[in-house]
Amino acid sequence: MIKRDKKRESRIAKERVVYLIKRAEEWKNKDYELARRYVELAKKIAMRYRVRVPRGLKTIYCKKCLYPYKSDRFRVRVRKGRVIVTCLNCGFERRIPVR
Amino acid sequence: MRGRVQGVDVIARDWIGLMVEVVESPNEYEIGLKGEVVDETQNTLRIMTEKGLKIVVKKKRTFRVWYGDKIMRIKGDLISYRPEERIKKGLVMLKRAKGVRI
């Protein structure tokens, strides 16, 4: 029985998650479906190795349908002390409190 | 000789975005396909070549990979897992191989 090297695993996983989401951001204007696939893979890796998606990268894509936010496919409004980001692909609203 | 082999952990890394060339294949028309990997599944690599998107099976093929500043030959059977599974399986596989320290 070979012992797993979990620290090394999570380090590689973290790098891959960041790399994939950044790549999705680059590709969203060339191929929207492929960009979604990259986000999907990044989320799968993050879940399997229990790695957090960094805060800044979390708000790049829709939490529900996983499409990256792209100009004219999302809306940003400020309501009741919250920033509300609406995804126009699936209609999901993400609410971010303003401190 | 036991030594530190650098870069072999490409098995556990992301293949999306790497330059890849098919070196050996039972299908002779596939040999020489070269391009950037755009997507990956358990059994196939999707390669963007000059002639368009090509889907190549991983098993029974050998790939030449440009990883960082290194060029390596990697057997497709080693990477025929789901992309998210490969981190765990790849590292265990490298540990099991004798003479390789990463």
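This is a predicted model: local features need pLDDT of at least 70, side-chain atom pairs count only at pLDDT 80 or more; totals for chains, interfaces and linings use all residues.

Biologist: How far apart are the end C-alpha atoms of helix 2 of chain A?
Modeller: Helix 2 of chain A has 17 residues, 32–48. At 1.5 Å a residue, they should span 24 Å. The model agrees with that, because the end C-alpha atoms are apart by 25 Å.

Biologist: Which element supplies the largest share of the largest nonpolar core?
Modeller: That core holds 36 residues, and among those touching the most other members are Val17(A), Leu20(A), Tyr38(A) and Val39(A). Helix 1 and helix 2 of chain A each supply at least two residues, as do strand 2 (19–24), strand 4 (44–49), strand 6 (62–67) and helix 1 (86–96) of chain B. The largest share is 7 residues, from helix 2 of chain A.

Biologist: Beyond four places in sequence, what is Val39(A) in contact with?
Modeller: Val39(A) is among the core residues that touch the most other members. Leaving aside its sequence neighbours within four places, its contacts are Ile21(A), Ala24(A), Tyr61(A), Leu66(A) and Pro68(A).

Biologist: Which are the edge strands of the open sheet in chain B?
Modeller: The sheet has 6 strands in the order 5-4-3-2-6-7, with antiparallel pairing. An edge strand pairs on one side only. The edges are strand 5 (52–57) and strand 7 (70–75) of chain B.

Biologist: What is the bridge partner of Glu24(B) in strand 6 of chain B?
Modeller: Strand 2 and strand 6 of chain B pair in the antiparallel sense. The pairing runs over 5 bridges. In strand 6, the partner of Glu24(B) is Thr62(B).

Biologist: How many nonpolar, polar and charged residues are on the side of chain A that touches chain B?
Modeller: In this interface 18 residues of chain A are in contact with 15 residues of chain B. On the chain A side, helix 1 supplies the largest share, 8 residues. The chain A side divides into 9 nonpolar, no polar and 9 charged.

Conventions: Residues are numbered from 1 along each chain as its sequence is written. Chains are lettered from A and ligands numbered from 1 in the order in which they are written. Helices (H or I, at least four residues) and strands (E, at least two) are DSSP runs, numbered from the N terminus. The expected span of a helix is 1.5 Å times one less than its number of residues. A nonpolar core is a set of buried Ala, Val, Leu, Ile, Met, Phe, Trp, Tyr and Cys residues joined through C-beta atoms within 7 Å. A residue is buried if 20 or more other C-beta atoms lie within 10 Å of its own, exposed if 12 or fewer, and partly exposed in between; C-beta atoms are placed from the backbone. Two residues are in contact if their C-beta atoms, placed from the backbone, lie within 7 Å. Two strands pair if DSSP finds at least two bridges between them. Ala, Val, Leu, Ile, Met, Phe, Trp, Tyr, Cys and Pro count as nonpolar, Asp, Glu, Lys and Arg as charged, and the others, Gly among them, as polar.
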